[in-house]
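Trainee: Hi, could you walk me through this model? I'd like to go through it piece by piece.

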Amino acid sequence: MFQNKPDAVILHISDLHFGPYLQGVSRVGEWSRIAAPHDFLLVLGLEEKLLPIIREYRDKLIISVTGDLTTAAEPPAYEVVNNYLRDHPFISDILHCGLTLQDIKDRLFFVPGNHDIWLHGRLFTRWKRYADRREEYEKYFHPQPPDVYPLVVNSIPLTIYTIDSNHVSGFNPFNFRNVTGGGRVGRNQMRDLRSLYASLSNSAASGVDTRDGYNYEDSLKICLMHHHLQRPDDVPLDLEQRLLELEDAEEVINLLASIGVQIVLCGHQHFPYQKTIKCSGANNPSILLSCAGTATQIDSKVNSFYVYGIKQVSTSYQLEVLKYTSRVKDGTYKFTTPQIPPSKPLIYTIDQN
Ligand SMILES: [Fe+2]
């Protein structure tokens, strides 16, 4: 699969956009009648491709799910997507469905997307007992970001930062910025990230057990967030792209560069791309932004996810990128497998400073 045998593997899926029912979904549910939810056949296509990868690399695997797990934050949608990701339950006597990720839960990371927490209050919903959808998200997935996780996976030291890019100040029934797709990290979260960094980069004071070989300086530093920091150069800044922007992207880029983050994994844009963001005068000269696109939303032109192979070469890390795509509109529910050779592998070199 990879050209170079990886030391560690990251599976990056995003924007699953689950609705409240697993099977036969098409514009049913509450608000997911308006905004398109997932397609069941794509869910099966994703599983068909991922399960062999998960089995092969289970001991060296990190899973990154970068938001929009649901389309409309309906409580049963959280339950369904959670079951799909963590379990492999029976749908019928002969059909199972799910990715079985629960037993690698210490390497399973989530961040919320704008669709996961866009609704607040008891208006405009039949789920009146579930007024705070952020609380609902946290029940199934992680406590409130930001957070940081030091890891050693197959001798590779990694630092994983998680950020919530859906910050809102004050609530209204629709969390309006999140409805329209905009994002913000906010000053409080940036302050918390600085103190997480200060604590972790001083390992003696952080309580991190360094016997396994972890140290902050040598670790590959990866940040997960839902919103993209920059759009691709060939995508014009039209109204849609303006609405999807992260308000404080420049500040966030400067902060991440100053704490040594080398890779940012995101979703939000429903197409896959990578972009190198130059960071002048920072600890590291650039950040590699990788957007996974939407894995399973029904109405997208393309569905996609990434698998990254990490290999340590002297004082650098090589990141080999495998892109998987499917085009439902062409009647294709299966994800393509990247062919290497004849195509040239996509490899980024990330130097340690
Ligand atoms: Fe999305």
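**Loops, sheet and helices**

Mentor: Happy to! Let's start with Ser 155, found in the loop between strand 4 and strand 5 (156-162). Helices (H or I, at least four residues) and strands (E, at least two) are DSSP runs, numbered from the N terminus. This is a predicted model: local features need pLDDT of at least 70, side-chain atom pairs count only at pLDDT 80 or more, and totals for chains, interfaces and linings use all residues. Residues are numbered from 1 along each chain as its sequence is written.

Trainee: Is Ser 155 buried or exposed?

Mentor: Ser 155 counts as exposed, because it has 11 C-beta neighbours inside 10 Å. The cut-offs: buried needs 20 or more other C-beta atoms within 10 Å of a residue's own, exposed means 12 or fewer, and partly exposed is in between, with C-beta atoms placed from the backbone.

Trainee: And where is Asp 68?

Mentor: Asp 68 is in the loop between strand 2 (61-66) and helix 2. Asp 68 also has a positive phi, about 50°, without being a glycine. With 26 C-beta neighbours inside 10 Å, however, Asp 68 counts as buried.

Trainee: Switching to the sheet: what is the strand order?

Mentor: The order is 4-5-6-7-9-8, in an open sheet of six strands with mixed pairing. Two strands pair if DSSP finds at least two bridges between them. Strand 4 (147-153) and strand 8 (273-278) are at the edges with a single partner strand each, so one side of each has no neighbour in the sheet. On average, neighbouring strands here are turned by 20° against each other, direction ignored.

Trainee: How many bridges join strand 8 to strand 9?

Mentor: Six, and the two strands run antiparallel, with strand 9 covering residues 286-291. Gln 274, for instance, has Ser 290 in strand 9 as its bridge partner.

Trainee: Which helix packs on that sheet?

Mentor: Helix 8 (residues 249-258) does, touching strand 6 (220-224), strand 7 (263-266), strand 8 and strand 9. The direction of helix 8 makes about 120° with that of strand 9. Axes are lines fitted to C-alpha atoms, for helices over the stretch in contact, and angles run from 0 to 180 degrees between N-to-C directions.

Trainee: Which residues of helix 8 are buried?

Mentor: Val 252, Ile 253, Leu 255, Leu 256 and Ala 257 are buried in helix 8. The buried residues of helix 8 pack against helix 5 (187-201) as well as strands 6, 7, 8 and 9; a contact here means C-beta atoms, placed from the backbone, within 7 Å. Just after helix 8, Gly 260 takes a positive phi of about 90°.

Trainee: What about helix 3, which residues are buried there?

Mentor: In helix 3 (residues 133-140), Arg 133, Arg 134, Glu 136 and Tyr 137 are buried. They cover an arc of only 160° around the axis, which puts them on the same side of helix 3; the arc is that of the directions from the helix axis to the C-beta atoms. The buried residues of helix 3 pack against helix 2 (75-86).

Trainee: And how many helices and strands does the protein chain have?

Mentor: Eight helices and 12 strands. Buried residues make up 44% of its 353 residues.

Terms used
Contact = placed C-beta atoms within 7 Å.
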